[in-house]
Amino acid sequence: MNISYNWLKEYLQFDLTPKETANVLTHIGLEAESIEEVQTVKGGLEGLVIGEVITCIDHPNSDHLHLTTVNIGNPDELLNIVCGAPNVAAGQKVVVATVGTTLYSGDEEFKIKRSKIRGEESLGMICSEAELGLSDNHDGIIVLPEDTKVGTLAKDYYNIKSDWVIGIDITPNRVDAASHYGVARDLAAWLKQAGKQVKLTKPSVDQFAVDTEDGGIEVIVENTEACPRYSGLTIRGVKVEESPDWLKERLLTVGLRPINNIVDITNFILHETGHPMHAFDAGYITGNEVVVRTLPEKTKFTTLDEEVRELNERDLMICNSDEGMCIAGVFGGMNSGVTFDTKDVFLESAYFNPTWVRKTARRHGLNTDSSFRFERGADPNNTVYVLKRAALLIKEIAGGEIAGEIRDIYPTPINPKTVTLSYEKTSKLIGKDIPADVIKSILGSLEMEIESETDENVTFKVPTYRVDVTRDVDVIEDILRIYGYNNIEISDSLKANLSYQTPTDRKNNLQTLISEQLTANGFNEIMNNSLTKKSYYESQETYPIKNCVSLVNPLSGDLSVMRQTLLFGGLESIAYNRNRKHGEVSFYEFGNCYFFDNEKKKEDDILAEYSESTFLGLWLSGRRTHKNWAAPEEDSSVYELKAYVEGIVNRLGIKNVEVAFEPINIDLFSVAASVTVNHKQLGYFGIVSKKLTKLTDIDAEVYYAELNWDALMKITAKKSVKFTEMSKFPAVSRDLALLIDKNITFAEIEQIALKSERKLLKEVSLFDVYEGKNLPEGKKSYAVNFQIQDVEKTLTDKQIDKVMAKIRQNLEKELKAQLR
C-alpha cells in the first residue's frame, strides 16, 4: 500500500524526514518496502518552459504540419519547431519542451531530440496536456493566457509539488493500518513513547447537518448475517465534474486515477480512513429504496468491467426494488455508478461480514481495494463518521443538499472486546520488565481504554477497528512493537531447559531413522499434496466421501478435499514415473491425513469432529531385479513388501511375537492383510485393486502398505532397541513337516511357536510348502525350521527335545497339526 508523506502530515505534525519515517514504520511492524520521491506530474516538468509562437506558416512538404518560430525568453535566439497541432497559431503562449527534455505520457516516456521532419529542422516540441501527463486530452496544444510571462519554467507555472511515497507491506492482520490515518495513529503512538509532543488530528465532522428532512432513500437489510451494519445517506442536486487539483494530486500520488469529484471523494475517504464506500446514482435506485439481500442462484449481473457474471446464492447484493446494483463489498455494477450526468447520489458506508466478502471475491476472481479491506475486517463503528466526512466533502466540492437523516441499520451493535493483561506475563514474554506506567501509556497511545487496574494486571477495551487483537498476547505484541524491539537488551546469561528432547523430537528422530533404513533398501521418499481429488473417495467404503474434509473454495476440482489416505498421491507419482519409462519404483512417504466425523460433533467444541494423524506409506511396483548374468529377472511381490513392514516394526523395538498379519477384506486391495501389534491394528498392506490402478492409468501390479505412525509412536514410547553381544554358544536347528488345513497361515504357526517358548526359540521360518498327491483333501504340508539357542550356555538334547515337544503339543492342540 502506498502512503503519501505529505498526506500523512495532515493528521500528524512531526519532524522526521521521509526516510526516517520509513525506518520508524518498519520498526513498529509496518514494513516499508520502498520509498520514492514523486511529483504531482511525473518528471516534475523538468526541461519545459513557457514560450511564445512568433511565426506560424504551413510546412512546404506536408498538408498538416506547421513551421513555427518560438521565443522561450531570448528574442535573439528563436527556436525553429515543427508542430502538427491543428490549433497552433502565431501569438500564442505555449509550453515548450527543449532538446534533451524527457516527457512522460502514461507509462511511456520519450526524449526530445534535435531532428528533421519532412526536411525541416525542429529544435523542440510544443506540448499538449496528454504529452505532459496532465490529462488524456490529445486534441491540440496547450494555449495559455496572454498575460503568461515568457521564459517561466513550466514547473513553476503549474506549481509542481514534490512528495515522497512510502510503500508499506501490510500484513493480513493489520487492516487497521491500511489507510493514512491508521498509519498516522501508529506513528503517533511511537512518537509519544519517544518523548515527542505530538497530537493526532482526526478530521472533524461537527459541521454535518441535514438540509432537508425529505428526499432520503430508504434502506432495507434482509440479511443481517452478511451485513451486520448498513449506513446510507442521500445528497441531491450535486454537480459532477472534474475534481479540484488538490484532490487529484492526492489520488495520483498513491497511484489512483481520478474519475470525477464524487468517485474521487469515496476513493479519498478509503485511503484516508481505510473504510470502503460506494456512491450510487440515485436515479437508478427504483422504488426509492436500497435492499441488501442475496439473489437466486445463477442470476446474471454485469459489473463495472463490463463482464457478465453468474451470481451464487451466497453472494450478497445491494439492490433497488427491481434488480441488483452492486456486489456488496466487492465490485460495483455497470449501470449504477456516478457519471457526469448524475444529479443525485446515494452514499453507502457499511460493515459486511468478512467471510461473505472473501468467499464472494474468490468465487468471481476479484480483488479490489474494497474487498481487500472488508475481508480482513473493517470497523463496524466507523460507518456513520465516514458518511458524514464524505458528505461534507461533497457539499464543499460538488454542492448539493443532504436529503433526509442518515439511514443506519445496526440491529446488533458490536462492542469493543475486553482484555485483561498481566504485567508478569508481559515481562516473561518480552524478556524485560517494562514499567506499568509505560505499558499503560502505550495502551493509551493505541486508543485502548483502561477500565480497571490492580498491582498485578490491567483491564481495558480494545477498539473495534483492531480486529486482530483478541487476547492478551496480541496486546503484548503491540506493546513490544511500540516500545521497540531494539530496546530489549540481549542478556549475557544462557538459559536452557534440562529436558533436551521433546516428544516431537523423538517422533522426528524415529522418522529419520526409518527414512534412512528405507533409503538404504532402495526406496525414494516422495511428498504429495495434502489436497486431492474428490472423485477418489466417491465410491469408497474404507474412506467414504462423507468423512472427507472439504474445501469451501477449492482452487480446482483436483484439489477439492483433504486426503484420508496417502495411497492416491503415491499412485499418481507411480503413474507419472511409468509415463516416463521408469516403471520400477519403490516409494515411501510420511504425511498427515485428515478426517471429518459428524458423530463427534460437540456444542462447545466446533473442531471436535475434525482429526488429523500422521501415516507412513510404502509403494512397490515393477521388477525387483533385472535379468543379468548373476540373477534371473524377478518381479516385486507383496511378500517383499511384508518384509519391509516387518523390518520397520522390528527397527522400532517391536518383537515378532507381538506382531500379527491377518487377512482382511478391504475395497482398496484385491488381497490384503492387517498389521496388528498386541491385538491393535496399526495399518494394512496388500495388492492395490485393479479398479484403483485403472483410475490412475497404471497397467501394472502395485503393492501398498500404510502404517499409522502416531499409533506406532505411542506403542514404541516405552520400547528401545539395545545392543546385544553375539552369543558364544551355538544355535540348534530343528525341522518339522506339518500336515495342516489349507486355511491355516504360516503366521498362525509362527505366533503359536513363539508363544510356546519365549526365551530359547529365536526364529521360525517356512522353507517348503506342498499341496498335491498323497495328501488328504483340504490339507497342505508346511516344512518349518526352528532356531533354538541359549545365550548363556550350550543346550542339551533333553532341553531341545522339551522345547520341540511343547511346540508340537501346542500346534496339535490349537491348529490340529499332524507330523508327517
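The residues lining the largest cavity divide into 6 nonpolar, 1 polar and no charged, where Ala, Val, Leu, Ile, Met, Phe, Trp, Tyr, Cys and Pro count as nonpolar, Asp, Glu, Lys and Arg as charged, and the others, Gly among them, as polar. The lining consists of Ala226, Leu316, Ala328, Phe352, Trp356, Val357 and Thr360. Helix α8 (residues 354–364) provides its largest share, 3 residues; helices (H or I, at least four residues) and strands (E, at least two) are DSSP runs, numbered from the N terminus. The space in this cavity is about 40 Å³, and the count of cavities of 30 Å³ or more comes to 1. On a 1 Å grid over the protein atoms alone, a cavity is a set of points where a 1.4 Å probe fits but cannot get out, whereas a pocket is an open set with protein on both sides within 12 Å along at least five of seven lines; lining residues have an atom within 4 Å of a point. Grid points are joined across faces, edges and corners, and a volume is the space filled by probe spheres set on the points.

The model is predicted: local features need pLDDT of at least 70 and side-chain atom pairs count only at pLDDT 80 or more, while totals for chains, interfaces and linings use all residues. Residues are numbered from 1 along each chain as its sequence is written, and side-chain values use heavy atoms, with hydrogens and water left out.

Two or more lining residues come from each of β2 (31–39), β7 (102–105), α3 (129–132) and α6 (245–253), and α6 gives the largest share, 6 residues. By class, this lining has 16 nonpolar, 13 polar and 13 charged residues.

The second largest pocket has a volume of about 1100 Å³. Among its 27 lining residues, Asn650, Ile654, Lys655, Asn656 and Lys762 are the closest to the centre. At least two residues each are supplied by α16 (638–651), α19 (746–756) and β40 (761–770), with the largest share, 5 residues, coming from β40. The lining comprises 7 nonpolar, 7 polar and 13 charged residues.

Strand β3 (residues 48–58) pairs with β6 (residues 93–98) in the antiparallel sense over 5 bridges, and glycine 51 has valine 94 of β6 as its bridge partner. Strand β3 also runs antiparallel to β4 (residues 66–71), to which 6 bridges join it; there, valine 53 has valine 70 of β4 as its bridge partner.

Note on methods:
Two strands pair if DSSP finds at least two bridges between them.
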